[in-house]
Amino acid sequence: MTTTTTTAPAAGAVAPRHHTPVRRPSLLRLTHVELRKLVDTRAGRWLLITIGLVVVAIVTLLLIYAEDGEQTFFTFFVTSLLPVSVLLPVLGILSITSEWSQRTALTTYALVPRRERVVAAKLIAVTLTALASVLASLAVAAVGTLVASATGGAGTWQFDWSLVLNAAILQVTSVLMGAAFGLLLLNPPLAIVGYLLLPTLWGVLGEMVKPLRGPSEWLDTSKTMEPLFNSDAVTGEQWGRVAVSLLVWMVLPLAAGLFRTLRREVS
């Protein structure tokens, strides 16, 4: 008969440890973290509050000063989009550059070594914020229309709902253009000034310098985006101008900025 003996571990010996494999955080979780960062930071929180207050203020001013016939859902909605499209790029810039300005890049990229996943989460987070701003404009415009109809204004609801898609395109591309400049320059003041100055300077030169007037029709986003909110349907050529202007002011800076961010040394 065979006897099986079990050898007890020697005194003081350390039992072997079973290491649980560490799973990398999902893109959904990273996006949730980036959305929380937009609210947790003081600058991001106040910028979001400012965007909401601007929408409410625009509709309130229209209720007070606009002619009764102009107090419509269309007017409330479209007018509230424009100032928000100016503020959203700043949010995109702060989302990208805060890692470097607040010196948290070392921690972030140590926890998630693949930097492109962090950048993708940031871009998704600001895109969702831009879409939320469109919903906020719709909600405030609806409240303004109800108030207008109750106080003697036109209060009409006639509206081409394709404008909602156009509004989403405007706000999303605006915030992504800001994020692109943030990736490219990696410095909040420099990126904000660059984003505000360069397209504006190009628009001014397009008006003043005759040879640049033709290219300006294709590269000045203030002109290429304007047909999105006209009553007529957007033509194929107009969509082409939108695409070309976004290629220059969004896609190229985004690609160059991503290349720089992936290669920059974190210190």
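Val 55 has its place in helix 2 (residues 42-65), where helices are DSSP runs (H or I, at least four residues; strands are E, at least two) numbered from the N terminus. Val 55 is buried, with a relative accessible area of 4%; buried means under 20% relative accessible area, exposed over 50%, and partly exposed in between (1.4 Å probe, protein chains only). Val 55 and Ser 133 stand 78 residues apart in sequence, and their C-alpha atoms are 9.0 Å apart in space.

This is a predicted model, in which local features need pLDDT of at least 70 and side-chain atom pairs count only at pLDDT 80 or more, while totals for chains, interfaces and linings use all residues. Residues are numbered from 1 along each chain as its sequence is written, and side-chain values use heavy atoms, with hydrogens and water left out.

**Salt bridges**

- Side chains of opposite charge can pair when their charged atoms come close.
- Ten salt bridges are found in a search of the whole structure; a salt bridge is a side-chain nitrogen of Lys or Arg within 4 Å of a carboxyl oxygen of Asp or Glu.
- One of these joins Lys 122 to Glu 99, with the closest N and O atoms 2.9 Å apart. This pair links distant parts of the chain, since Lys 122 lies in helix 5 (residues 115-150) and Glu 99 in helix 3 (residues 73-101), 23 residues apart.
- Are the two partners buried or exposed? Lys 122 is buried, at a relative accessible area of 2%, and Glu 99 is buried as well, at 1%.
- Glu 116 forms a salt bridge with Arg 114, and the closest N and O atoms are 2.9 Å apart. Glu 116 counts as partly exposed at 31% relative accessibility, and Arg 114 counts as partly exposed at 43%.
- Glu 207 forms a salt bridge with Lys 223, where the closest N and O atoms are 2.7 Å apart. This pair also links distant parts of the chain: Glu 207 is in helix 7 (residues 188-208) and Lys 223 is in helix 9 (residues 221-224), 16 residues apart.
- Glu 207 is partly exposed, with 47% relative accessibility, and Lys 223 is partly exposed, with a relative accessible area of 22%.
- Which residues are linked with Glu 207 in a network of salt bridges? The network contains Glu 207, Glu 217, Lys 223, Glu 237 and Arg 241.

**Helix packing**

- Helix 1 (residues 27-40) packs against helix 5 at an angle of about 60 degrees, and their axes are 8 Å apart. Axes are lines fitted to C-alpha atoms, for helices over the stretch in contact, and angles run from 0 to 180 degrees between N-to-C directions.
- This angle makes helix 1 oblique to helix 5. Angles under 35 degrees count as roughly parallel, over 145 as roughly antiparallel, 65 to 115 as roughly perpendicular, and the rest as oblique.
- Helix 1 passes helix 5 in a right-handed crossing; a crossing is right-handed if the near helix is turned clockwise from the far one by less than a right angle, and left-handed if anticlockwise.
- Helix 3 and helix 5 pack at an angle of about 155 degrees, with axes 9 Å apart. These two helices are therefore roughly antiparallel to each other, and their crossing is right-handed.
- The axes of helix 3 and helix 7 come within 9 Å and cross at roughly 155 degrees. Helix 3 and helix 7 are therefore roughly antiparallel to each other, and helix 3 passes helix 7 in a right-handed crossing.

**Loop residues with positive phi**

- Arg 103 is found in the loop between helix 3 and helix 4 (105-111). Its phi is near 60 degrees, a positive value in a residue other than glycine, and Arg 103 counts as exposed at 68% relative accessibility.
- Leu 186 is placed in the loop between helix 6 (162-185) and helix 7. The phi of Leu 186 is near 55 degrees, again a positive value in a residue other than glycine, and Leu 186 counts as buried at 5% relative accessibility.
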